[in-house]
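Here are some friendly notes to read alongside the structure. Take them one point at a time, and look for each residue as it is named.

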Amino acid sequence: MAATTYTIGRNQPSLVRAVKWNRALQAGLIIGAIMFLLTRGIPWVGSGAIDPAVMGRDISPGREATPMFFFGVMSLHFLVAALYGLIIAPIVHGFRPFLAGMVGAVVGLVLYFISYAIAGMVMETAGTQREWASFAIHIIFGIVCAETYKGMARRRRDVPLM
């Protein structure tokens with residue numbers, strides 16, 4: 001019986017080394033900023049600065065909304081966007097751009113269900129809260145973040161100048 005072993009040499013970078021983490025973070029924050037402006041998935045409803053929401057999920061201010069509350073919601077939104085970017089990048093790193101978008105949509109869907117479970121444990125969600133906006137935002141975020149990362153992490157070829 002022959003046993004096969006796989007080794008990672010110095011010439012073959014591991015996935016952790018191959019992923020461009022700074023580009024993943026940038027892609028997450030850029031798309032997070034766009035999604036902050038399109039909180040409900042459509043531009044004419046209101047941004048996250050008007051309707052406090054983290055990735056499309058409404059956050060109620062409690063008794064009164066203070067500037068620190070809005071700053072906290074915005075900070076949490078960008079923290080989640082950066083984390084999502086860091087999760088999506090290593091998953092889609094090895095795929096071609098079109099397929100990376102499809103995989104990004106599936107990852108966004110999985111992140112939606114994880115986010116839904118965490119939000120259900122942390123805060124009481126009203127039965128009337130619309131989840132379709134959060135559902136759509138997560139899938140769109142997954143697609144666009146995957147494609148943005150693939151575009152930003154693309155290798156640059158040395159092209160001679162004329």
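1. The largest pocket holds about 370 Å³ of space. Please keep in mind that you are looking at a predicted model, so treat each number here as a value computed from that model.

2. Who lines this pocket? The lining of the largest pocket has 16 residues, and those nearest its centre are Val-54, Val-80, Ser-115, Ile-118 and Ala-119. Two elements, helix H3 (67-92) and helix H4 (97-122), each give two or more residues to the lining. The largest share comes from H4, with 6 residues.

3. What kinds of residue make up the lining of the largest pocket: nonpolar, polar or charged? The count is 14 nonpolar residues, 1 polar and 1 charged.

4. Now step back to the whole chain. Its secondary structure consists of 5 helices and 2 strands.

5. Of the 162 residues in the chain, 35% are buried. The accessible surface is about 11,000 Å², and carbon and sulfur atoms account for 66% of that surface. If you take the contacts between residues at least 6 apart in sequence, 70% of them join residues at least 24 apart.

6. Aromatic rings deserve a look next. Across the whole structure there are 6 aromatic pairs. One of them brings together Tyr-84 and Phe-141: the ring centres are 5.9 Å apart and the planes meet at 70°, so this pair is edge-to-face. The cut-off behind that label is an angle over 60 degrees. Because Tyr-84 sits in helix H3 and Phe-141 in helix H5 (residues 132-152), the pair ties together parts that are 57 residues apart in sequence. Tyr-84 and Phe-141 are both buried.

7. Why is the pair of Tyr-112 and Phe-135 called edge-to-face? Their ring planes stand at 90°, with the centres 5.3 Å apart, so that name applies. Tyr-112 belongs to helix H4 and Phe-135 to helix H5, so this pair links parts 23 residues apart in sequence.

8. Tyr-112 counts as buried because its relative accessibility is 7%, and the cut-off for buried is under 20%. Phe-135 has a relative accessible area of 35%, so it is partly exposed. Ring pairs also join Tyr-112, Phe-113, Tyr-116 and Phe-135 into a cluster.

9. Please find Val-73, which is placed in helix H3. Is Val-73 buried or exposed? With a relative accessible area of 5%, Val-73 is buried. Not counting residues up to four places away in sequence, Val-73 touches Pro-52, Ala-53, Val-54 and Ile-59. Val-73 and Asp-58 are 15 residues apart along the chain, and their C-alpha atoms are separated by 9.9 Å.

10. Finally, look at His-77, also found in helix H3. His-77 counts as buried because its relative accessibility is 1%. Leaving aside neighbours within four places in sequence, His-77 is in contact with Gly-32, Met-35, Phe-36, Ala-53, Val-54 and Met-55.

Terms used:
Residues are numbered from 1 along each chain as its sequence is written. This is a predicted model: local features need pLDDT of at least 70, side-chain atom pairs count only at pLDDT 80 or more; totals for chains, interfaces and linings use all residues. Side-chain values use heavy atoms; hydrogens and water are left out. Helices (H or I, at least four residues) and strands (E, at least two) are DSSP runs, numbered from the N terminus. Buried means under 20% relative accessible area, exposed over 50%, partly exposed in between (1.4 Å probe, protein chains only). Contact means heavy atoms within 4.5 Å. Accessible areas come from the Shrake-Rupley method with a 1.4 Å probe; for residues, only the protein chains shown count as cover. On a 1 Å grid over the protein atoms alone, a cavity is a set of points where a 1.4 Å probe fits but cannot get out, and a pocket is an open set with protein on both sides within 12 Å along at least five of seven lines; lining residues have an atom within 4 Å of a point. Grid points are joined across faces, edges and corners, and a volume is the space filled by probe spheres set on the points. Ala, Val, Leu, Ile, Met, Phe, Trp, Tyr, Cys and Pro count as nonpolar, Asp, Glu, Lys and Arg as charged, and the others, Gly among them, as polar. Rings of Phe, Tyr and Trp (its six-membered ring) pair if their centres lie within 6.5 Å; planes under 30 degrees apart count as stacked, over 60 as edge-to-face and the rest as tilted.
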